[in-house]
Amino acid sequence: MTQSSNTSTDIADVQSSADTRQIAINKVGIKDIRHPVRVKDRSEGEQATIANFNMYVYLPHNFKGTHMSRFVQILNTHEREITLDSFKVMLEEMAERLESTEGHIEMSFPFFVNKKAPISGVESLLDYHVTLLGQIKDGVSDISVKVIVPVTSLCPCSKKISDYGAHNQRSHITVRASLKSSALKVENIIKIAETSASCELWSILKRPDEKFVTEKAFNNPKFVEDLVRDVSIKLQELIAQNLIGGFSVESENFESIHNHSAFARIDQNI
């Protein structure tokens, strides 16, 4: 009795076989795969986190399929540290190993900043949702970052027309910026959004801190339109410094006196 032994040369490579339908596929790959990574922060430290990846390449009309396992292999070789530079290398490697002229990577993860309460100084971590987005086409790559920053906004109209008090709400400011320099850190974008709001957020507040936050927001009312305009002004400064090429900024106010949100968005060069 003989035992058959298959080598890699014996097994058919179905993905690389020809396809006769003459239809190219814009994006093919893996979606929603979680993978452990370590992300550098501004303090030059590292955060161990779990990132969610989408990875796609362009598939020419004459190929039947792509090699899905290679996407995961690429992740395994880049898990030790993710920076703007290493993310770009991963993007280039994906296009090369998948033999494609175009590729896309989306990497989403929670990012934590250690913050001190404004009066008591008590420290706590606040989380932000960050996404790195990369595209490469014909050897030219473009990297952008998207950050969702939770803040407080207080309504100027409510303050003006009320004999006492004003309604406020938590808001999400979302900034997407096309990166031109690794000198720009996620924390820089977070700071821009937080300093443009009625007040920023903290995870832990003592009574003196809560008094500070309440009064600061009351003295700094912002419409949703004010939020995106003020953030936009600061992002335009980053364009002038050649740190970013363009941006979009949007704000969603989760209204406390309505069952709907208020929304505004500005796009520039993106």
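This is a predicted model: local features need pLDDT of at least 70, side-chain atom pairs count only at pLDDT 80 or more; totals for chains, interfaces and linings use all residues.
Local features require a pLDDT of at least 70, side-chain atom pairs count only at pLDDT 80 or more, and totals for chains, interfaces and linings use all residues. Residues are numbered from 1 along each chain as its sequence is written, and side-chain values use heavy atoms, with hydrogens and water left out.

The lining (residues with an atom within 4 Å of a point) comprises 18 residues, and K40, T83, L84, L184 and K185 lie nearest the centre. Two or more lining residues come from each of β1 (25–40), α2 (84–97) and α4 (186–195), where helices (H or I, at least four residues) and strands (E, at least two) are DSSP runs numbered from the N terminus. The most, three residues, come from α4. By class, 10 lining residues are nonpolar (Ala, Val, Leu, Ile, Met, Phe, Trp, Tyr, Cys and Pro), six are charged (Asp, Glu, Lys and Arg) and two are polar (the others, Gly among them).

Of its 16 lining residues, R42, V113, N114, K115 and E187 lie nearest the centre. Here β3 (102–116), β4 (123–137) and α4 each give two or more residues, with β3 providing the largest share, five residues. This lining has seven charged, six nonpolar and three polar residues.

Definitions and conventions. On a 1 Å grid over the protein atoms alone, a cavity is a set of points where a 1.4 Å probe fits but cannot get out, and a pocket is an open set with protein on both sides within 12 Å along at least five of seven lines; lining residues have an atom within 4 Å of a point.
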